[in-house]
Protein chains: 2
Amino acid sequence: MADTPVSIREVAALAGVSLGTVSNVLNRPEVVAEPTRTRVQAAIKQLGFIRNESARQLRAGRSRTIGLVVLDVANPFFTDVARGVEDEASEAGLAVILCNSDDQKAKESRYLEVLEEHRVQGILITPVSGADKRLASVQRRGTPVVLVDSRSPSRGQCSVSVDDVLGGDLAVSHLLEAGHQQIAFVGGPMSVRQVSDRRDGAVRALERAGRRDADLLVIETPALNVTAGQRAGSHLAGLPAGSRPTAVFCANDLLALGVLQEMTTHRIAVPESLAIVGYDDVEFAAAAAVPLSSVRQPRHQLGRAAAQLLIEEALGDGTHRHRQVVFEPDLVVRASSQGPTQGGGAAQPVASEAAG
Amino acid sequence: MADTPVSIREVAALAGVSLGTVSNVLNRPEVVAEPTRTRVQAAIKQLGFIRNESARQLRAGRSRTIGLVVLDVANPFFTDVARGVEDEASEAGLAVILCNSDDQKAKESRYLEVLEEHRVQGILITPVSGADKRLASVQRRGTPVVLVDSRSPSRGQCSVSVDDVLGGDLAVSHLLEAGHQQIAFVGGPMSVRQVSDRRDGAVRALERAGRRDADLLVIETPALNVTAGQRAGSHLAGLPAGSRPTAVFCANDLLALGVLQEMTTHRIAVPESLAIVGYDDVEFAAAAAVPLSSVRQPRHQLGRAAAQLLIEEALGDGTHRHRQVVFEPDLVVRASSQGPTQGGGAAQPVASEAAG
DNA sequence: CGAATGTGCTATAACGTTTCAACGTACGTG
DNA sequence: CACGTACGTTGAAACGTTATAGCACATTCG
């Protein structure tokens, strides 16, 4: 309870030196003579002195912090990205302020304001909607901005993203190689860029294999959750066995798990009667009743790359050039899309614990 | 790129007033005359002035921020808690710095240091291990600390937690009421407080029903994940049908899902031949092949309560008394533990408080 | 032996804000 | 008409830090 905000000045008094010397001990210990240094360090310890970050920042003009604004902290995609950002930032001695826009323009705008007031080194953001005046003005005022998981339309800023078209292509190419003739795509709404990109990738794979566009049966869903997947699965199960697709590519794993459950209910064997490939490689994918093949995005790496670009822009020597980094996703093949003989995909872990 | 850090002083110059007046417009607009106010506001807008939070904080002595240190940002338990904290904090005009200790003492310690340097209003933390000297010294230096999801052993601080013993009791009472005679508990390691509490609750329910302690078949697992659940399930399935329990209570949902999958594999009907109750009510619980009954914790509320206590302690009028708030969990009954007729969950929990 | 050259330290001036005492100015009031 | 009293505004003093110019003293060199 003893509220004693101890400052550098009191440390100086106790150690019998000027306050400039204390500052030197803190920041450039090598310039101060051995005996003085130890004396000051002893005083620091004795008083329990803690630097005042606000004062440092005020002096420095900028804080040693970067802002990360995501659409949903509960989404594993963003938590993994956040970890990557944090790893990279802490190596550079920067702290991360994590903000959750909840997909709301108002909250996003409020957080941008807070981050600017904190004079952060820069901002990593997955914007609620595309081009944004608010964001542009932040940048104009001198705070670097890097777009995460959305490709920058202009060349005015850096961005990191994953090639969703390629992801769709990988999934469907894999199914084609396994000999499937009739393939369905389950996903929606198509207004979400990621969803339509994945579908486009699926179409691309078919076209490259010499199929016509129409070969892809598209089942558009209203959302990307398990329930929507179950509905789509129910629809598939209702098709006469002759005209039913033998494989389905889902825009994310939740949909795929929904489809999978519905197949179990209708006693349709997976992968024998219906092969399934999902997207995102969520924690549960490997642990599903039938381990799920899935397209994995380098989420952690995405975060690291974004932070790297930002740090380069903010702290670099001024030679920084804006870049658009695009990562390639990865197909993890498991039981849901292959015959019973072959082994699982890459050595994947199963779900970790939750000691809530 | 035009890096023009515009300060209150330049705004004052443009508006033709003193800088104290600009500050008043910003903080107590009602004390400044209408025409002056609009003139200043115009200048602020024209120059794109953004307050410097560091300077404000330096002046104020404390930042308008609270710190939240969790064991794992990716864990849905903590993300929900974090949302609760954020909701409460933003209502009080405070920002939240979210830190991830990753269950590592070193990272935790580093973050505590950072938070102290930022002069946060207070810290919400789920400590890596129990009593901690580091944490005590933070508190001694005047930063309020509230423990989250771990009950304070001493009376020296506030804490919020959920009654895990009651949770276990609820689950097993429910199974007993449904007429089950042989009940198993799956969970581990027992060194995790949450796990042993839940088991103790299960025992308590049995004892209250007049059973002897030995009636609970305990299957200890090495971890709380799906794989461990599958192993436990496999063990259960291997028991002769006569001596096999008719119900199982799992220490978390991942275990329960593992058990459930194994039952499907062995064609053991759930809930007819084996009823299952999990813990945590994770997102997938309701969407499992057989929707899973589970004990739900008021996670969001836990976060809110923790933030409330902290804010009361930090900003209150000094009449604050430390409290240990304990929430009651809630059983959500779904198909995995009942006949097909009955409906879903229960009403909301009540908090019981113990003054300190 | 005076001058150049270090070596350690000190004193001081910022950084941008908020607060608070003081200072007009205008207006009723006695 | 002097006088308290609002009201609106100003000026200066903090807050705790870092950077920088300068000072005292010892050492080395021409």
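This is a short tour of a predicted model, stop by stop.

Residues are numbered from 1 along each chain as its sequence is written, while chains are lettered from A and ligands numbered from 1 in the order in which they are written. Because the model is predicted, local features need pLDDT of at least 70 and side-chain atom pairs count only at pLDDT 80 or more, whereas totals for chains, interfaces and linings use all residues.

**Chain A**

Select chain A. Its secondary structure comes to twelve helices and twelve strands (DSSP runs numbered from the N terminus: helices are H or I of at least four residues, strands E of at least two). The radius of gyration, taken over C-alpha atoms, is 26 Å. Along the principal axes, the C-alpha atoms of chain A fill a box of roughly 90 × 45 × 35 Å. Of the 356 residues, 48% count as buried (20 or more other C-beta atoms within 10 Å of the residue's own; exposed means 12 or fewer, partly exposed in between, with C-beta atoms placed from the backbone).

**Both chains**

A rotation of 180° with 0.1 Å of shift along its axis superposes chain B on chain A, with an RMSD of 0.1 Å (least squares on the C-alpha atoms of residues with pLDDT of at least 70 in both). That is the relation of a two-fold axis. Select S54(B): in chain B, its C-alpha is the nearest to the axis, at 2.4 Å.

**DNA strand D**

Next, show the surroundings of DNA strand D. There are 25 residues around it, and the closest are I8(A), A55(A), S18(B), G20(B) and T36(B) (near means a C-beta atom, placed from the backbone, within 6 Å of the strand). α2(A) gives the most to this surface, with five residues. Among the other elements that supply at least two residues each are α1 (8-15) and α4 (53-60) of chain A.

**Loops**

Go to P189(B), in the loop between β6 (183-187) and α9 (193-208) of chain B. The peptide bond to P189(B) from G188(B) is cis, with omega near -5°. Another cis peptide bond joins V270(B) and P271(B), with omega about 10°.

Two non-glycine residues with positive phi end the tour. D281(A) has phi of about 50° and is buried, with 26 C-beta neighbours inside 10 Å. R267(B) has phi near 55° and is exposed, with 8 other C-beta atoms within 10 Å.

Methods. The radius of gyration is taken over C-alpha atoms; the globule rule is 2.2 Å times the number of residues to the power 0.38.
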